Amino acid sequence: MKDLTKIREMLREQILEQISYAREMEDEEVREIVDTAILQNARQWGLSLKEKQELSKELFYAIRRLDILQELTDDPKVTEIMINGKDHIFIERNGRLYQWEKQFSSTEKLEDVIQQIVAKCNRTVNEASPIVDARLENGSRVNVVLAPIALNGPIVTIRRFPEKPITMEDLKRFGAISQEVIDFLRQLVIAGYNIFISGGTGSGKTTFLNALSNFIPKDERIITIEDSAELQILGVPNLVRLETRNANVEGCKEITMRDLIKSSLRMRPDRIVVGEVRGSEALDMIQAMNTGHDGSLSTGHANSAADMLSRLETMILMGMDLPLSAIRGQLASGIDVIVHLGRLRDKSRKVLQVVEILDCVEDQIETSILYEFQEEGEDEHGKIQGVLAKCNSLQHTEKLRAAGL
């Protein structure tokens, strides 16, 4: 009986001996070496046509791509890849979680793939610095945790984004938002309202921020600031994309979100789009919103719009020791609207609330719920039905009037 795993390893060693490292080889050259090696040994091992085709693909992926992960990163239905050591790979496909049948041949091979990913982003990950955020060439977000932090082998989590950015029309078709709220948010973006998107993990914050940013007038100068570049803002010629950098052993200094936000203020932005705030950079973002950069957008993790305001207070306190009353005053004047997203029990993602920030009165931030998702039950397939009902009208209409809307 053929041992394809052993055959694959023997072929891989043969092929690696023939690859020149003195020059950059084209993919087609490598494919030719792979196919020639398989054909030379096919009769000896009794390989079928299907086995030859599978070996050709697997060996090419192992040498020039992401080994067994390449198949998953190429599959548009796979939205999340979770690797818990070499033997346990889980995927999210069409909103459902599955364990994948394939495994890495060794921990060393998984570590090779990890180094390949982070090197392309000019990042470093090792025992001394075991956590890193990176991205794939297709824009997918990658998080890596190595030993000694990860106890059950290298942990890799890949969030795959669609190659074609999801639009508001797509979100409406998915039932995530209504046409009335789309039209309302479009006017707010055009008029320069500062909008913050909140939600839990996997609720679709980055996707929604992408869709919302496409309402920004195309003649404006936009600066995006992210930990790991994910945003796909299309059709804006005057676009500047900034990404943080980790410190490394070569002596390169760390460039933080705070550094980038401060620098962006000197780059004459019309709007600043911060991918996600997690810490003290919230202070710089709110200050930017309060210093004439109307129409700025950002996202953050929270369980509700009210919780997002509390979390922002905590983040700002991490950056500067300010009285809570001053922080709340800054938040109330900096953020105009919070859009809160959620992932419901049927795995669908929806806009759950649109909340207006009114004012800070007696050290308390006053808010008004403009739209709220009201559940109406489930259909025969278990899908949650409901409507985004209008609760109140927008009170601060000054920017709409100034924009002639």
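1. Ser393 is partly exposed in this predicted model, with a relative accessible area of 48%. The residue sits in the loop that runs between strand E15 (384-390) and helix H13 (398-402). Leaving aside residues up to four places away in sequence, Ser393 touches Glu356 and Leu370. The C-alpha atoms of Ser393 and Leu370 are 6.0 Å apart in space, although 23 residues separate the two in sequence.

2. A search of the whole structure returns 1 aromatic pair. Its members are Phe184 and Tyr371, and the arrangement is tilted. The ring centres are 5.6 Å apart, with 55 degrees between the planes. Because edge-to-face requires an angle over 60 degrees and stacked an angle under 30, the pair is classed as tilted.

3. Phe184 is buried, at a relative accessible area of 14%. Tyr371 is buried as well, at 4%.

4. Helix H10 (residues 281-289) is largely enclosed by the rest of the structure, because 8 of its 9 residues are buried. The buried residues of H10 are Glu281, Ala282, Leu283, Asp284, Met285, Ile286, Ala288 and Met289. Their packing partners comprise strands E7 (195-199), E10 (271-274) and E11 (297-301), together with helices H9 (257-264), H11 and H12.

5. Two of these partners of H10, helices H11 and H12, also come together with each other. The axes of H11 (residues 305-319) and H12 (residues 324-334) approach within 10 Å and cross at roughly 120 degrees. The two helices are therefore oblique to each other, since the roughly perpendicular class ends at 115 degrees and the roughly antiparallel class applies over 145. The crossing of H11 and H12 is right-handed.

6. Which residues make the contact of H11 with H12? From H11 come Leu309, Leu312, Glu313, Ile316 and Leu317; H12 supplies Leu324, Ile327, Arg328 and Leu331. By class, the contact comprises 7 nonpolar and 2 charged residues, with no polar ones. On the spacing of such positions, an α-helix has 3.6 residues a turn, so residues three or four places apart point the same way.

Definitions and conventions:
Residues numbered from 1 in each chain as written. Predicted model: local features only at pLDDT ≥ 70, side-chain atom pairs only at ≥ 80, totals over all residues. Heavy atoms only, no water. Axes fitted to C-alpha atoms, helices over the stretch in contact; angles between N-to-C directions. Helix = DSSP H or I, 4+ residues; strand = E, 2+ residues; numbered from the N terminus. Parallel < 35°, antiparallel > 145°, perpendicular 65-115°, else oblique. Left-handed = near helix turned anticlockwise from the far one by under 90°. Contact = heavy atoms within 4.5 Å. Nonpolar A, V, L, I, M, F, W, Y, C, P; charged D, E, K, R; others polar. Phe/Tyr/Trp six-rings, centres within 6.5 Å; stacked < 30°, edge-to-face > 60°. Buried < 20%, exposed > 50% of the residue type's maximum accessible area, 1.4 Å probe, protein only.
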